[in-house]
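Work through the exercises below with the structure in view. Each task is followed by a solution in steps.

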Amino acid sequence: MAAQMAVNSGASLWGPLKELWEIVEGAVWRRQPESVHLLDVQLKKHKPYFLSLFKNPPKSAEQREKVRKASTEGISIQGQQGARLLPEQLLTETFILSDLFDLGELAALELLLAGEHQQPHFPGLTRGLVAVLLYWDGKRCMANSLRSLIQSRHGKTFTLDLSADLVNLTTRFTDELMSHGLTKQILNLVSEVSVTREFEKLQKERGLGNEKHRKEVSDLVKECRRSLAECLFAWTCQSPLCKDDTLALIGHLETVTAEADGSLDSVNLALVMALLYCFDVSFLEQGTEDRDDLLQALPLVTDRKYVSGV
């Protein structure tokens, strides 16, 4: 049990996700050698994270008790021999962070240990404030990885001229995510996550630091929302949404309000463009080799109830 409950001092919600983003970026945008194999390994490893997009590991009585006893009995940390005794203040901060993000106690402890390790890169910030940045940076890495995977798909609008093996890998993987409700997951997250809500939560627990820290948190949250919306835009550029997902997108857009000057922010603009691409048939004029295959994947043409439904 001790090995199973060992703490990852690199923070499972940050370090591995940062590595994932580096592998995705290397494969899709830098075209590094051996990238297809490395990406395949990473996608298999992180598939549960993609399927439960942005969902945190749950709290548990067992974890809470283990963390509570860490000041007297110690706790196992990956890569270190024996059990390490932790100060009471760190444990108090762990429970605060766990409650703040509705996060498993061990994952919260990992973020604080990683925050402590990263403190030299963030002068003037406490480990708790750094942990908040790492938490949202992990989410950013997930969102950006998903967007890049979708952008690399085979489809009707553009190509990144990647190898067939890589395109087949990312297309299969993202097809599976979509079949498990990716569209509605993204729309729910775009609705639920906001800078205002996050700042309200953080303010109550003194989770916001100086002006620079506040801007960094704000920028990370905004990038997460924007990248998620761009996932749907990139998807519909390449492949249409099914009728139910198109209706879900329309339903979401019906709740959107414009900015004071009548414009749409970047998130909602991406979603509007995603909807427009659901009805795009301009690729039919291009006469590409896979034109017929793409046509058969277009519900606007193949599903008689699609037009009346939307």
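## Aromatic pairs

The structure holds four aromatic pairs. Rings of Phe, Tyr and Trp (its six-membered ring) pair if their centres lie within 6.5 Å; planes under 30 degrees apart count as stacked, over 60 as edge-to-face and the rest as tilted.

This is a predicted model, in which local features need pLDDT of at least 70 and side-chain atom pairs count only at pLDDT 80 or more, while totals for chains, interfaces and linings use all residues. Residues are numbered from 1 along each chain as its sequence is written, and side-chain values use heavy atoms, with hydrogens and water left out.

**Exercise 1.** Classify the pair of phenylalanine 50 and phenylalanine 173.

*Solution.*
- The centres are 5.3 Å apart and the planes stand at 85 degrees, an edge-to-face pair.
- Phenylalanine 50 is in helix H2 (residues 35-51) and phenylalanine 173 in helix H7 (residues 164-179), 123 residues apart. Helices are DSSP runs (H or I, at least four residues), numbered from the N terminus.
- Phenylalanine 50 has 1% relative accessibility and counts as buried; buried means under 20% relative accessible area, exposed over 50%, partly exposed in between (1.4 Å probe, protein chains only).
- Phenylalanine 173, at 9%, is also buried.

**Exercise 2.** Classify the pair of phenylalanine 233 and tyrosine 277.

*Solution.*
- The ring centres lie 5.7 Å apart with planes at 65 degrees, so the pair is edge-to-face.
- Phenylalanine 233 belongs to helix H10 (residues 211-238) and tyrosine 277 to helix H12 (residues 266-278), so the pair ties together parts 44 residues apart in sequence.
- Phenylalanine 233 is partly exposed at 26% relative accessible area, and tyrosine 277 is partly exposed at 23%.

Definitions and conventions
Helices (H or I, at least four residues) and strands (E, at least two) are DSSP runs, numbered from the N terminus.
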